[in-house]
Amino acid sequence: GDKFFVVTKPGFPEGFYKFPQGGVKDGESDEDAAKRELIEEMGTDKFNFVAKSININQYDWSDDSVEKAGFKWRGQSQKFYVVEFLGEDSDVKIDSNEITSYQWVSKEQLIPLIDSDNKNFTNYRNTIEKIFAEFKDILG
């Protein structure tokens, strides 16, 4: 419908949410990684991929985050998909070890939740706004 699924994870700034996400494993396609992460974070496979965005969010991590990652990575490059949820809210079964909470929010409610000046989330809101413009016919 007209709602968006967002999650908050341990270590996120208070009140900050993002769309489900995760890394790509060796030999895994971007779409396979997105599917795996959605299943892990939503606890269901009741969704359909609609489109892949041309927009990418590239950012550097804070020094603290680089240290927590064992100095293996210094940042992240995020790719985005538009996904339609085909189930009911009762189908969502989040992994409480990975997800602190989730919400279904309107586009208007979304913007304040994804806006943070934390270095780890640099440019996230701007990228999401570009994706909304890219898919205005789908996302409204």
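A search of the whole structure, which is a predicted model, finds ten aromatic pairs. Two of these pairs are set out below.

| Pair | Distance between ring centres | Angle between planes | Geometry |
|---|---|---|---|
| Phe4 and Phe19 | 6.5 Å | 70 degrees | edge-to-face |
| Phe5 and Tyr102 | 5.1 Å | 35 degrees | tilted |

The planes of Phe4 and Phe19 stand at 70 degrees, and an angle over 60 counts as edge-to-face, so this pair falls in that class. Phe4 belongs to strand β1, which covers residues 4-8, while Phe19 sits in the loop between β1 and α1 (30-42). The two residues are 15 apart, and their pair links distant parts of the chain. Phe4 and Phe19 are both buried.

Phe5 also lies in strand β1, and its partner Tyr102 lies in strand β4 (residues 101-105). Here 97 residues separate the partners, and this pair too links distant parts of the chain. Are Phe5 and Tyr102 buried or partly exposed? Phe5 has a relative accessible area of 7% and is therefore buried, the limit being under 20%. Tyr102, at 25% relative accessibility, counts as partly exposed. Ring pairs also join Phe5 and Tyr102 with Phe85 and Trp104 in a cluster.

**The chain as a whole**

The chain contains five helices and four strands. Read from the N terminus, the order of its elements is β-α-β-α-β-β-α-α-α. It has 140 residues, and 40% of them count as buried. Taking contacts between residues at least 6 apart in sequence, 65% join residues at least 24 apart. The accessible surface of the chain is about 8,500 Å², and carbon and sulfur atoms account for 47% of that area.

**The largest pocket**

The largest pocket holds about 1,300 Å³ of space. Its lining consists of 42 residues, and those closest to the centre are Phe19, Pro20, Leu38, Tyr81 and Val83. Phe19 is thus both a partner of Phe4 in a ring pair and one of the residues closest to the centre of this pocket.

Which elements give two or more residues to the lining? They are β1, α1, β2 (47-60), β3 (75-85), α4 (124-134) and α5 (136-139). Strand β3 gives the most, with ten residues. By residue type, the lining of the largest pocket is made up of 24 nonpolar, seven polar and eleven charged residues.

Terms used:
Residues are numbered from 1 along each chain as its sequence is written. This is a predicted model: local features need pLDDT of at least 70, side-chain atom pairs count only at pLDDT 80 or more; totals for chains, interfaces and linings use all residues. Side-chain values use heavy atoms; hydrogens and water are left out. Buried means under 20% relative accessible area, exposed over 50%, partly exposed in between (1.4 Å probe, protein chains only). Contact means heavy atoms within 4.5 Å. Accessible areas come from the Shrake-Rupley method with a 1.4 Å probe; for residues, only the protein chains shown count as cover. Rings of Phe, Tyr and Trp (its six-membered ring) pair if their centres lie within 6.5 Å; planes under 30 degrees apart count as stacked, over 60 as edge-to-face and the rest as tilted. On a 1 Å grid over the protein atoms alone, a cavity is a set of points where a 1.4 Å probe fits but cannot get out, and a pocket is an open set with protein on both sides within 12 Å along at least five of seven lines; lining residues have an atom within 4 Å of a point. Grid points are joined across faces, edges and corners, and a volume is the space filled by probe spheres set on the points. Ala, Val, Leu, Ile, Met, Phe, Trp, Tyr, Cys and Pro count as nonpolar, Asp, Glu, Lys and Arg as charged, and the others, Gly among them, as polar.
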